[in-house]
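Work through these exercises with the sequence and the 3D view side by side. Try each task before reading its solution.

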Amino acid sequence: MTADPIGFIPVDLGQGVTAGFTLRRGGLSLPPWDELNLGVNVADDAAHVAANRHLAAGLLGAPVAFSTQVHGSDVYVLTAADAAQWGSLTPPESVGQADAMLAAADRLDEHPIGLGVLVADCVPVLFADAEAGVVAVAHAGRQGVLLNVVAATVAAIESAGGACSNLRAAVGPAVCGRCYEVPSDMQAQVVAAVPEAAASTRQGTSSLDLPAAVIAQLHLCGITDVQHVDCCTMEDDRFFSHRRASRRGTTTGRQAGLVAMNGAAL
Ligand SMILES: [Zn+2]
């Protein structure tokens, strides 16, 4: 069984950094996870997910570490011990519970490791300070915006030697403000924390614009170089969408934001 080439939207986060966002196209998973499902715990065939992650690693030029995302704000910092333990092997299915991960090149010189963040409507965020050799990912859904996982990630990057003035960030495909309908009290709670989250649906009901909220939080951290891949996962069939699948009474897979230092040239 062979797969089509992986669908991938690259972003430029600096010299020596490979980064971007996967699409559904190009993996081995069968419906309703077709095709490039990179998420475990969504009832897909584990062998298919492992093969898909291998394809993603080939694209990135490094094995890709994933975490178990729990809508929190913990940041997992990959260590040289992690990298040495994994070597050129595939990392474990999950490094543990965390909604952000960080890797510093000086700790991973001999064994470059990529980072992946899994989403299907939530906002994937990629970070790189190419000069300092620090990369990071974050998963920001509604809870992640409320907890400001973005600021927690930036703080970890600074602790690892990165600088906001050199940081580039990319905000990936997510459900848009016209589609993410929520009850008005839920909207009010998020807007009280991040006013930029305020939105309304095409029908005029209350909603949240999570990508706008994340971009505002990045700017508040002092990051000015923010790219936005402005695609709506719910409207655009090229992506997995939890909300779209739920409305159809089915489940779905997860796409990923990926970043690595010294990855293969695309
Ligand atoms: Zn939309």
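**Exercise 1. Follow a hairpin into its sheet.**

Solution. 
1. Start with the pair. Phe8 stands opposite Thr22 in S2. Keep in mind that this is a predicted model.
2. Identify the connection. S1 and S2 make a hairpin, with six residues between them. In the turn, Gly14 has a positive phi of about 125°.
3. Check the direction. S1 and S2 run antiparallel and are joined by three bridges.
4. Move to the other neighbour. S2 (residues 17–22) also runs antiparallel to S13 (residues 255–261), with five bridges between them. Thr18 has Ala260 as its bridge partner in S13.
5. Six of the six residues of S2 are buried.

**Exercise 2. Describe the zinc site.**

Task: Which residues are the protein donors of the zinc ion, and what geometry do the donor atoms give?

Solution. 
1. List the donors. They are Cys176 (SG), Cys179 (SG), Cys232 (SG) and Glu235 (OE), at 2.0 to 2.3 Å from the zinc ion.
2. Test the angles. The tetrahedral class requires all angles to lie between 85 and 135 degrees. Here the four donor atoms give 98 to 117°, so the site is tetrahedral.
3. Compare with the ideal. Four tetrahedral donors would ideally show 109.5 degrees.
4. Write the spacing. The donor residues follow C-x2-C-x52-C-x2-E in sequence.
5. Cys176 is in the loop between S9 (168–171) and H5 (184–193). Cys232 is in the loop between S12 (225–228) and H7 (242–247). The two are 56 residues apart.
6. Check burial. Both Cys176 and Cys232 are buried.

**Exercise 3. Explain a buried loop residue.**

Task: Is Thr252 buried or exposed, and what is in contact with Thr252?

Solution. 
1. Locate the residue. Thr252 sits in the loop between H7 and S13.
2. Apply the cut-off. Buried means under 20% relative accessible area. Thr252 has 4%, so it counts as buried.
3. Name the contacts. Beyond neighbours within four places in sequence, Thr252 touches Arg24, Pro32, Trp33, Val42, Phe240, Ser241, His242 and Ala245.

**Exercise 4. Find the buried face of H4.**

Task: Which residues of H4 are buried, and what do they pack against?

Solution. 
1. Pick them out. In H4 (residues 149–159), Val149, Val150, Thr153, Val154, Ala156 and Ile157 are buried.
2. Look down the axis. The buried residues fall within an arc of 160°, so they line one face of H4.
3. List the partners. These residues pack against S4 (75–77), S5 (100–104), S7 (123–129), S8 (134–140), H3 (142–147) and H6 (210–220).
4. Examine one partner. Five of the five residues of S5 are buried, so S5 is largely enclosed by the rest of the structure. Ala100, Leu102 and Ala104 point one way, and Met101 and Ala103 the other.
5. Pair S5 on two sides. S4 runs parallel to S5, with three bridges, while S8 runs antiparallel to S5, with five. Ala100 is the bridge partner of Val75 in S4 and of Ala138 in S8.

How values were computed
Residues numbered from 1 in each chain as written. Predicted model: local features only at pLDDT ≥ 70, side-chain atom pairs only at ≥ 80, totals over all residues. Heavy atoms only, no water. Pairing = 2+ DSSP bridges. Helix = DSSP H or I, 4+ residues; strand = E, 2+ residues; numbered from the N terminus. Donors = N, O, S within 2.8 Å, 3.2 Å for Na, K, Ca; no water. Tetrahedral: all angles 85-135°; square planar, octahedral: opposite > 155°, others 65-115°. Buried < 20%, exposed > 50% of the residue type's maximum accessible area, 1.4 Å probe, protein only. Contact = heavy atoms within 4.5 Å. Arc of directions from axis to C-beta.
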